[in-house]
Amino acid sequence: MADVRPPPLRSLDDFLLSSARFAVPDVRDLDRWNNRMINNLLYYQSNYFLSALGFLLMVGYFKPFQLFLGAVVVSLLFLGFVWAAENQAPLRRFRRNHPSICVFAILLVSYLFITVLGGVAVFLFGIAFPVLLILVHASVRLRSLKNKLENKLESIGLKRTPMGLLLEALGQEQEAGS
């Protein structure tokens with residue numbers, strides 16, 4: 001864990017503005033779409049983290065307790081899912097074969113818990129909305145040569161990043177960099 005380093009912040013021009021290229025993914029080729037998303041998540045992880053943090057801080061300013069409660073519930077459910085997936089072979093196979101379903105299941109169960117506890121709007125806007133924006137950007141952002149090179153370094157283990165560890169926990173480490 002000591003060799004994990006966050007990647008550099010990508011320029012706003014590369015992330016969103018003039019040099020950024022976007023295209024709707026081909027929904028008939030799910031493997032290619034998944035590959036694009038994983039590689040963009042790895043390449044732009046610092047930008048995604050800062051975007052989500054900014055949104056969370058804004059929501060946290062107005063509803064701090066509900067945001068904290070939502071963050072605790074989602075974190076505990078995610079950690080419980082990762083622990084269960086590591087200790088149960090059928091769940092581990094399901095996590096590896098259906099990562100999107102697993103993420104949505106964690107978010108749905110979190111939503112149900114928070115509904116019971118209150119703070120649904122805070123959860124939706126403070127946690128789920130930034131995740132949705134990140135996944136949409138990762139889906140439609142076309143990869144550049146620099147993006148492909150950085151992802152190849154991550155996949156062969158020369159670089160370890162927080163997003164790489166998260167994708168590994170979700171069972172997507174074999175996909176990264178391809």
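Trainee: Which domains does the lining of the largest pocket draw at least three residues from?

Mentor: From each of domain 1 (49–140) and domain 2 (143–171); those bounds come from an automatic or database domain assignment. Keep in mind that this is a predicted model, where local features need pLDDT of at least 70, side-chain atom pairs count only at pLDDT 80 or more, and totals for chains, interfaces and linings use all residues. Residues are numbered from 1 along each chain as its sequence is written, and side-chain values use heavy atoms, with hydrogens and water left out.

Trainee: What makes something a pocket rather than a cavity?

Mentor: Picture a 1 Å grid over the protein atoms alone: a cavity is a set of points where a 1.4 Å probe fits but cannot get out, while a pocket is an open set with protein on both sides within 12 Å along at least five of seven lines. Here the largest pocket holds about 2,000 Å³ of space, a volume being the space filled by probe spheres set on the points, which are joined across faces, edges and corners. Lining residues have an atom within 4 Å of a point. There are 49 of them, and Val 103, Val 131, Leu 135, Leu 166 and Leu 170 are the closest to the centre.

Trainee: Which helix gives the largest share of that lining?

Mentor: That's α7, with 12 residues. Helices are DSSP runs of H or I, at least four residues, and strands are runs of E, at least two, numbered from the N terminus.

Trainee: How does the lining divide into nonpolar, polar and charged?

Mentor: Into 37 nonpolar, 9 polar and 3 charged. Ala, Val, Leu, Ile, Met, Phe, Trp, Tyr, Cys and Pro count as nonpolar, Asp, Glu, Lys and Arg as charged, and the others, Gly among them, as polar.

Trainee: Why is Val 59 called buried?

Mentor: Buried means under 20% relative accessible area, exposed over 50%, and partly exposed in between, with a 1.4 Å probe and protein chains only. Val 59 has 14%, so Val 59 counts as buried. This residue lies in helix α3, and its C-alpha atom is 5.7 Å from that of Gly 126, 67 residues apart along the chain.

Trainee: Which residues of α9 are buried?

Mentor: In α9 (residues 162–169), they are Met 163, Gly 164, Leu 167 and Ala 169.
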